[in-house]
Amino acid sequence: MFLSRTFLVAFTTSIFFKVSCSSSQFNLDGDYLLGGLFPMHEVEQVVPMLYPDAIVCKRQTFTTFGYLLFQVMRFTVEEINNSTTLLPNVSLGYEVFDHCSETKNFPSVFSFLSQNGSIKPREKLNNHQSKIIALTGPYGSSRSIAVSPLMAIDLIPMVNYGASSYELSDKLKYPSFLRTIPSNNDLVQMITRIILWFGWNWVAFLGGPDNYSEDGLNLFYKYSGNAGICLAYQETVTMQGNYSQTLKNINRLNINVIVVFSLAMYAENILRAAIANNIQDKVWIASQTWAMDQQLLNAPGIKKIGKIIGITERLLSLPGFDTFIYKNKAKMNKDNTSDAVVQSRMCNQECKEGPLLTAEQILNENPTFSFGAYASVYSIAHALHKILQCNMNECRRNITVKPYMLLREIKKLDFPLNGRQVKYDVNGDPTISYAVVLWHTETNPPRIEMVGTYDTYPEINFTIDNSLMPWRNNTSVPFSNCSVECSEGHIRVREGFHICCFRCKKCLQNTYVDYTRDPYTCFPCAESQWSDEGSTTCKTRTVVYLQITEIPSILVIFSTICLITLLTFIFCLFVYNYNTPVVRSAGGNMCFLMLACLTMSSASVFFFFGQPTSVHCVLRSFIFTFFFTICLSCLTVRSFQIVCVFKMAAEFPKLHSLWVKHNGQWLFIVSSSFIHLISCVLWATVSPDDPVRDSITFNDQIMLTCERRNTVTISIALFISWFLGFLCISFSYMGRDLPKNYNEAKSITFSLLLYYLSWITYFTIYLSFKSKYVLLLNALAQITSIYGILFSYFIPKSYIMLFQPKKNTAAYFQTSIQNYTQTISRS
């Protein structure tokens with residue numbers, strides 16, 4: 001019953017407005033009527049409802065801020081009506097209501113929706129013509145969310161100047177909502193950019209108990225997490241909240257950057273509590289609602305709480321608005337301003353405080369949303385201009401304007417307004433033109449300075465002038481991080497829940513950290529790259545191997561060619577002197593086998609040079625080991641034969657006759673060679689040496705070499721060679737006192753000692769050092785072993801054949817044997 005009475009009063013009074021409110025500031029007659037909702041009063045404390053009731057705005061706290069926005073709408077309508085180019089011969093009117101609550105003062109909204117003072121719910125919407133063609137307002141996200149569904153019934157354009165909740169961008173839920181200020185999505189991204197600009201990552205977020213703050217918090221969670229910013233503390237504060245405890249919690253966590261994303265009344269309580277609790281040296285980031293709040297700017301003690309950085313609209317001034325306010329106040333002062341007259345001029349609602357304000361009080365109020373209110377009225381006017389097909393002189397007044405037609409045209413708008421481009425995207429959101437402002441609370445009087453900008457039209461551009469940021473003591477940016485940033489080449493090791501809290505660990509050798517990729521991981525360098533400890537990049541390794549063009553390689557190859565040439569020459573010399581005593585005493589046919597094996601062994605040296613392959617790795621050792629072992633078996637037999645002829649034949653005649661009868665020397669050579677061949681084949685097939693890329697030995701190099709996979713098979717092959725050498729030395733020692741012509745003990749012993757010494761030297765260096773030149777030592781060990789046998793065994797005999805032919809006779813050898821026999825008999 002009460003609500004019915006309330007609605008009836010609202011609708012009947014609307015008829016009365018037409019008759020007696022022509023002079024009211026809240027009403028203006030015109031060809032097309034606009035609606036306006038402004039927060040000239042604010043509900044500071046919401047109490048639970050005990051019975052159905054509508055709120056009475058005049059009993060709430062008056063706000064100069066809402067009254068300023070109301071005057072901006074009046075100024076804008078007057079400016080458009082006086083324009084000769086926009087809506088010529090068409091006038092705009094308005095009806096404005098004080099909207100002080102989200103849900104408890106809907107009579108004004110129903111008045112906008114009414115047709116001739118009534119609403120017929122069952123009437124077809126196509127036939128319904130609401131009182132207004134468009135609505136400006138209300139202020140605040142919660143109020144807009146509450147009102148928007150009612151406006152959406154008739155698709156009445158709701159061009160908003162002060163609601164930034166990102167939820168309102170959902171055109172399925174709010175199809176007729178558009179706004180002239182950026183959404184919270186853009187605002188939170190801007191806040192995130194500022195935090196990242198100064199390198200902070202440990203922040204607090206304080207908001208109020210409304211859709212605006214809740215929406216901002218959800219978006220901040222989204223963007224801060226993606227940007228590596230940690231929300232160390234967040235709280236929703238109320239008018240009766242314990243602000244002191246909140247600030248103590250922030251101090252306890254060492255948070256120096258506080259985002260206050262709330263309406264001005266909550267921000268005011270937070271900052272006044274900070275002043276009262278002696279909170280100092282913080283950085284406060286103000287959302288758009290209070291970034292230009294003049295009352296807070298001039299609050300006593302505000303300068304000691306730290307620096308305040310705000311985000312607001314780029315363009316705040318309205319040319320001609322100051323003149324309008326002064327002119328309006330002069331007119332009101334000229335008239336009788338008694339309470340009775342003032343109340344009559346408000347007509348559709350009581351607003352005693354507004355007319356009592358001075359022009360300076362109005363103009364010094366927070367201008368953040370003034371341009372938004374200005375642009376919203378101009379958007380409606382431009383859309384109406386297109387629907388009425390206006391030209392420079394007149395508009396077609398015979399066209400019936402429906403709200404949905406106006407909504408369609410507003411979405412297509414793109415026009416300049418006081419240096420700003422007014423246009424809307426698919427979500428009904430405008431282009432962004434933010435300003436970053438810094439509060440200079442230390443000056444007298446305090447002032448606000450623009451220190452940065454963020455624009456999205458015609459392209460995205462964000463910048464802050466660091467020279468305009470006077471931090472404490474003018475030294476460096478305040479520190480608000482959970483952990484000190486790691487030094488170059490160190491990774492983060494997380495400690496605790498937040499990713500911003502970590503300790504630092506240096507990356508090991510051959511690993512690096514890429515902060516753009518993952519600051520928590522030391523990535524291994526590729527095989528072809530290397531790095532020192534604590535590196536952020538990898539360097540390319542040099543691929544090294546024993547190249548044939550190097551001077552040491554050329555010298556070894558030249559030496560090998562000389563060796564092969566010399567062996568070939570001696571082979572031919574021995575063939576030429578085959579039937580001489582020197583050749584026969586040296587072993588006869590066995591000499592040719594030895595020389596052939598030494599020649600073949602020399603060929604293995606050529607496989608040490610160039611980039612190693614599987615064939616190179618096998619042949620460089622297989623050829624030398626096999627053929628040199630055959631040569632060692634021949635030397636062993638040769639040493640044994642000399643001892644056998646001169647000593648064992650006398651003492652063991654039967655054993656000697658068996659040795660001679662069955663060609664023991666060849667049997668031994670063939671047997672030992674066959675056994676060694678089997679061991680070499682096993683070595684080359686079961687576990688051959690493979691080419692490897694050694695990236696461990698040297699940081700900056702990849703050494704191409706051959707790796708021995710199995711030491712058992714190669715040990716067997718080497719054991720046979722070394723054992724034959726041991727037998728050879730033993731037999732040589734036993735025949736050290738034989739006739740001079742047959743005494744080869746010293747030469748054989750020298751050659752074998754050189755053989756052992758060269759290989760012991762090689763293996764010692766091989767086990768101690770890693771270098772491509774170790775392979776060169778391997779080749780030198782092979783050449784040295786061959787040269788040792790050549791110069792100790794074959795060169796002396798070749799010298800006799802070439803330069804002492806008289807010693808190469810049977811008589812000379814017979815004399816040597818007789819002298820040895822006589823010596824033995826005398827002893």
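Which residues does Leu 168 touch, not counting residues up to four places away in sequence?

## Surroundings of Leu 168

In this predicted model, Leu 168 touches Ser 144, Ile 145, Ala 163, Tyr 174, Phe 177 and Arg 179, leaving aside residues up to four places away in sequence. Leu 168 lies in the loop that runs between strand S7 (158-160) and strand S8 (177-179).

Leu 168 counts as buried because its relative accessibility is 0%, and the cut-off for buried is under 20%. Ser 148 is 20 residues from Leu 168 in sequence, and their C-alpha atoms are 8.9 Å apart in space.

## Overall make-up

The protein has 827 residues, of which 52% are buried. Its secondary structure consists of 25 helices and 27 strands.

Of the contacts with a separation of 6 or more, 71% are between residues 24 or more positions apart.

## Confidence of the prediction

The mean pLDDT of the protein is 84, and 87% of the residues score at least 70. Among the elements, strand S11 (residues 257-261) has the highest mean pLDDT, at 96. Helix H1 (residues 2-20) has the lowest, at 40.

Residues 1-23 have a pLDDT under 50 throughout, and the model gives this stretch 27 contacts beyond four places in sequence. The pLDDT is also below 50 over residues 336-345, a stretch with 11 contacts in the model beyond near neighbours in sequence.

Notes:
Residues numbered from 1 in each chain as written. Predicted model: local features only at pLDDT ≥ 70, side-chain atom pairs only at ≥ 80, totals over all residues. Heavy atoms only, no water. Helix = DSSP H or I, 4+ residues; strand = E, 2+ residues; numbered from the N terminus. Buried < 20%, exposed > 50% of the residue type's maximum accessible area, 1.4 Å probe, protein only. Contact = heavy atoms within 4.5 Å. pLDDT = per-residue confidence, 0-100.
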